[in-house]
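Dear colleague,

Please find below the structure that I am handing over to you.

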Amino acid sequence: MIKRIIEISESPCSLRIRNGQLIVGRNDLPEKQIPCEDVGVLLIDNQATTYTHSVLTRLLDFGAAVVLCNGEHHPAGMLLAIDSNSIQTERHRHQIEASLPLKKRLWKQLVQAKISHQAAVVKTENPRASKSIEQLAAKVRSGDKSNVEARASKLYWKYFLGSRNFKRLRGGAPPNNLLNYGYMILRAAVARAICSSGLLPSLGLHHCNRYNEYCLADDIMEPFRGFVEKEVRLMWRENPDEEYFAKLSQLHKARLLETLHKSVTISQSSGPLMVGLHKTAASLYKCFAGEEDSLELPDF
């Protein structure tokens with residue numbers, strides 16, 4: 001089943017559980033009922049929203065990710081189920097005991113896929129830049145010690161918006177804010193898929209910041225970033241106006257949320273991106289367990 005992404009931001013709401021349903025109430029509007037088992041991600045981005053304790057626990061029971069945003073509309077925290085997999089302890093052990101050479105080989109695969117996707121994003125408008133980026137993918141070695149990823153990204157962002165020399169900065173001018181929002185949603189979905197596979201989202205392959213609870217999610221989302229970037233690029237081409245995108249509207253957010261429902265192809269099988277994340281996370285465990293040598297990653 002394709003899980004739903006519920007975003008609360010436009011106006012204050014009250015959330016509660018009734019008969020296994022998530023009840024969304026607004027002033028002077030009829031209540032909306034959503035089966036808890038249908039929710040994949042709940043994003044709360046309105047400071048006046050109220051909810052009962054059972055909303056959080058019930059959604060976690062069904063494996064949903066709950067993202068809470070602060071007054072600046074940035075993610076302040078994320079809730080994930082602790083026991084999302086029936087053989088979680090065994091899977092944790094395989095993940096913890098994974099050798100460093102294995103982690104480096106897997107990181108190489110992720111970086112190569114990410115760079116190839118970057119080349120595909122800019123190919124239509126700049127085939128020459130696309131070719132230069134694609135050539136860098138072949139230069140990635142185990143663990144990417146020479147940091148080819150950074151070299152590819154520097155070239156990629158330069159041509160991301162065509163002739164404009166775009167600079168990717170978290171607090172930069174639009175469409176940086178579109179990318180921030182899209183990445184936030186993607187990160188939550190990746191973390192959810194990782195937990196559903198019985199893995200620890202904090203124990204990464206490459207990312208290892210002691211203050212980051214989602215190092216593995218940041219690793220696995222790398223080859224999926226291109227789907228967010230492609231949509232942001234399309235939105236910008238439709239209206240290349242910084243003022244128009246200065247404040248994200250419901251329409252902008254809805255388009256970025258829909259990215260998780262876009263069709264992706266993994267191992268010659270097509271389906272929604274959100275489902276594809278689970279396939280990639282499952283393949284990661286198989287690599288940890290010694291059952292597979294390669295990750296199942298999306299084509300672009």
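Strand β1 and strand β5 (residues 39-44) are paired in the parallel sense, with 5 bridges between them. Please note that the model is a predicted one.

These two strands belong to an open sheet of 4 strands, ordered β1-β5-β7-β8, in which the pairing is mixed.

At the β8 end of the order, strand β7 (residues 65-69) pairs with strand β8 (residues 75-79) in the antiparallel sense over 4 bridges. Val67 has Met78 in β8 as its bridge partner. The two strands, β7 and β8, form a hairpin with 5 residues between them, and His73 in the turn has a positive phi of about 65 degrees.

I also examined a helix pair. The axes of helix α6 (residues 176-196) and helix α9 (residues 250-257) come within 9 Å and cross at roughly 45 degrees. This angle makes α6 oblique to α9. The crossing of α6 past α9 is right-handed. On the α6 side, Leu178, Tyr181, Gly182 and Ile185 make the contact, while α9 contributes His252, Lys253, Leu256 and Leu257. Of the residues in this contact of α6 with α9, 5 are nonpolar, 2 are polar and 1 is charged.

Yours sincerely

Key: Residues numbered from 1 in each chain as written. Predicted model: local features only at pLDDT ≥ 70, side-chain atom pairs only at ≥ 80, totals over all residues. Heavy atoms only, no water. Axes fitted to C-alpha atoms, helices over the stretch in contact; angles between N-to-C directions. Parallel < 35°, antiparallel > 145°, perpendicular 65-115°, else oblique. Left-handed = near helix turned anticlockwise from the far one by under 90°. Contact = heavy atoms within 4.5 Å. Nonpolar A, V, L, I, M, F, W, Y, C, P; charged D, E, K, R; others polar. Pairing = 2+ DSSP bridges.
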